[in-house]
Amino acid sequence: MTVPTEDLREVPTIYPALERIGYDRAFSFEAKHNPFLPLAVASQHTDAMALGTAIAIAFARTPMNLANAGWDLQTITEGRFVLGLGSQIRPHVEQRYGMPWSRPAARMREMVLAIRAIWDAWESGGELDFRGEFYTHTLMTPFFTPDPAELDGFGPPRVFLAGVGELMTEVAGEVCDGFICHGFTTEKYLRDVTIPALERGRAKAGKTMEGFEIIG
């Protein structure tokens, strides 16, 4: 369920109402408002329903920004958070957010890997040493490192990726835990294009589709 965000004052009532009538997960999305803040509020008014972003605009942020937001929401939801990311399109990223755009599928792949590297460093207490083409993260001191005990019992959040084209869809299969279909996806496109691309991505990672979630 994607929750309307026209009036943020409804967050404390609409999310628990969805939980009461049986929804097992509810998503915020990034349009007029930040996608993370409503979930922080919703986490305090729900008990079991999973909460996620569908989507947060990845290229409007850095891997460190997203790692922080994902870690914090996973902590306060006690393991119920899903970090759902999407690229948006070039005019919005460059002209609305003032951020760089290039090779979106390759950039997204590296972003997800960087987020996971940051989480791994926080969990293990090891050195952060991620060096990529688009993102580099090599500094992490104790003052900025969350306590790994915050995620005891559930670990970091799952990462889902939205996509349409085959390259981005393959990236989702390779480095993510789930895929969010675009609203205009047809059954034929899902069967003929999306699922084969996801399977190719899973194969690159040496994995099958088992446990991988597709949301439509």
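Visitor: Which residues does threonine 169 touch, not counting residues up to four places away in sequence?

Guide: This is a predicted model, in which local features need pLDDT of at least 70, side-chain atom pairs count only at pLDDT 80 or more, and totals for chains, interfaces and linings use all residues. Residues are numbered from 1 along each chain as its sequence is written, and side-chain values use heavy atoms, with hydrogens and water left out. With contact defined as heavy atoms within 4.5 Å, the residues touched by threonine 169 are Gly163, Val164, Phe179, Thr194, Ala197 and Leu198.

Visitor: Is threonine 169 buried or exposed?

Guide: Buried means under 20% relative accessible area, exposed over 50%, and partly exposed in between (1.4 Å probe, protein chains only). Threonine 169 has 1% relative accessibility, so the residue counts as buried.

Visitor: What is the bridge partner of serine 28 in S2?

Guide: Two strands pair if DSSP finds at least two bridges between them. S1 and strand S2 (residues 50-53) pair in the parallel sense over four bridges. Within S2, serine 28 has as its bridge partner threonine 53.

Visitor: Why is the pair of tryptophan 71 and tryptophan 122 given its class?

Guide: Rings of Phe, Tyr and Trp (its six-membered ring) pair if their centres lie within 6.5 Å; planes under 30 degrees apart count as stacked, over 60 as edge-to-face and the rest as tilted. For tryptophan 71 and tryptophan 122, the centres are 5.4 Å apart and the planes stand at 90°, so the pair is edge-to-face.

Conventions
Helices (H or I, at least four residues) and strands (E, at least two) are DSSP runs, numbered from the N terminus.
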